[in-house]
Amino acid sequence: MANDFDGKVVVVTGAGSGIGREAALQFSARGAYVFAADLNETGLNDTQRVAADAGGRLDISVVDVSDEVQVEALFHLVEKDGGRLDAAFNNAGVTGRTSRIEDYPDDDFDRVIRINLKSVFLGIKQQVPLLLRSGGGTIVNTASVAALTGPGDMSAYAASKHGVHGLTRVAAMENAARGIRVNTLAPGWTETPMVAANSAQNPAFAELVKKAIPAKRGGQPSEIAAAAVWLSSSESSYVMGQMIVVDGGMTIGGFEI
Ligand code: NAI
């Protein structure tokens, strides 16, 4: 396993924090040349420092994934400096505000859809031609358990994440015979800075969620990232258009007697 990404070029968005950072570090530890993109430059610098300390090769780019021009520029850079693309992990995302649909402002809805869903569309547009030129590869898009459920007060988030899996399926269908595998990663309650911030805002809800998770704990970013890396590796060579749910059993359904 150790160096199975040797010679491969991997792009990870949202790599300045949480799941994306862990994935970028795991790809790098397995030999990939990683392009880490995020809006948060400080976070990217930290990711780069950890990768470099471990002997990895990781370049950083400050990019707004919802901006077409910036996304195009990122992949031009990847082509110029990396020379190829083997795997993309479209992972950047935001939760957005929480309120009932009748109170949810249009602008906030549009913003969440742009950052969580349109970004994946913009990314895939750039990635497919590059992956084809490299002889194939993989795309993994981060959704959420909210792509399977209807969390109250989170209309924009749940709609965006359901949409991510729809896009994944279409991209997987369009590219399965061309050597490009596209899959969705659906994390459950993962203890990243985003979740910590939400928990601080609403501790009672955070406690309730943990009780409701069959594993009785949140996931670690590294546990979620490992699934993204697996979906990007040759070990998952026959997995296409699927949503891999990594949630401590949160969406099993049913109940324990
Ligand atoms: P995080 O907040 O630690 O990391 C998200 C990163 O995305 C941040 O570094 C942020 O700067 C970046 N980002 C936000 N908007 C961006 C933009 N427009 N352009 C570029 N970068 C941008 O959160 P986490 O948990 O690591 O989130 C990663 C993905 O996992 C997200 O798509 C999130 O929706 C999803 N997810 C997270 C869960 C959790 O419990 N933490 C559960 C289910 C899904």
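The structure is a predicted model, in which local features need pLDDT of at least 70 and side-chain atom pairs count only at pLDDT 80 or more, while totals for chains, interfaces and linings use all residues. Residues are numbered from 1 along each chain as its sequence is written, and side-chain values use heavy atoms, with hydrogens and water left out.

**The ligand**

Around the ligand stand 29 residues, of which Ser 17, Asp 38, Asn 91, Tyr 157 and Thr 190 come nearest (a residue is near if one of its heavy atoms lies within 4 Å). By type, this shell divides into 14 nonpolar, twelve polar and three charged residues, where Ala, Val, Leu, Ile, Met, Phe, Trp, Tyr, Cys and Pro count as nonpolar, Asp, Glu, Lys and Arg as charged, and the others, Gly among them, as polar. Helices H1 (18–29), H5 and H6 (193–201) each supply at least two shell residues, and H6 gives the most, with three; helices are DSSP runs of H or I with at least four residues.

| Protein atom | Ligand atom | Distance |
|---|---|---|
| Asp 38, side-chain N or O | oxygen | 2.6 Å |
| Asn 91, backbone N or O | oxygen | 2.8 Å |
| Val 63, polar backbone atom | nitrogen | 3.3 Å |

Taken alone, the ligand exposes 820 Å², and the protein buries 92% of that (Shrake-Rupley method, 1.4 Å probe).

**Thr 168**

Beyond its neighbours within four places in sequence, Thr 168 is in contact (heavy atoms within 4.5 Å) with Asn 141, Val 182, Asn 183, Thr 184 and Gly 241. With Thr 184, the side chain of Thr 168 makes a side-chain polar contact at 2.8 Å, a polar contact being a pair of N or O atoms within 3.5 Å, one able to donate a hydrogen and the other to accept it within protein.
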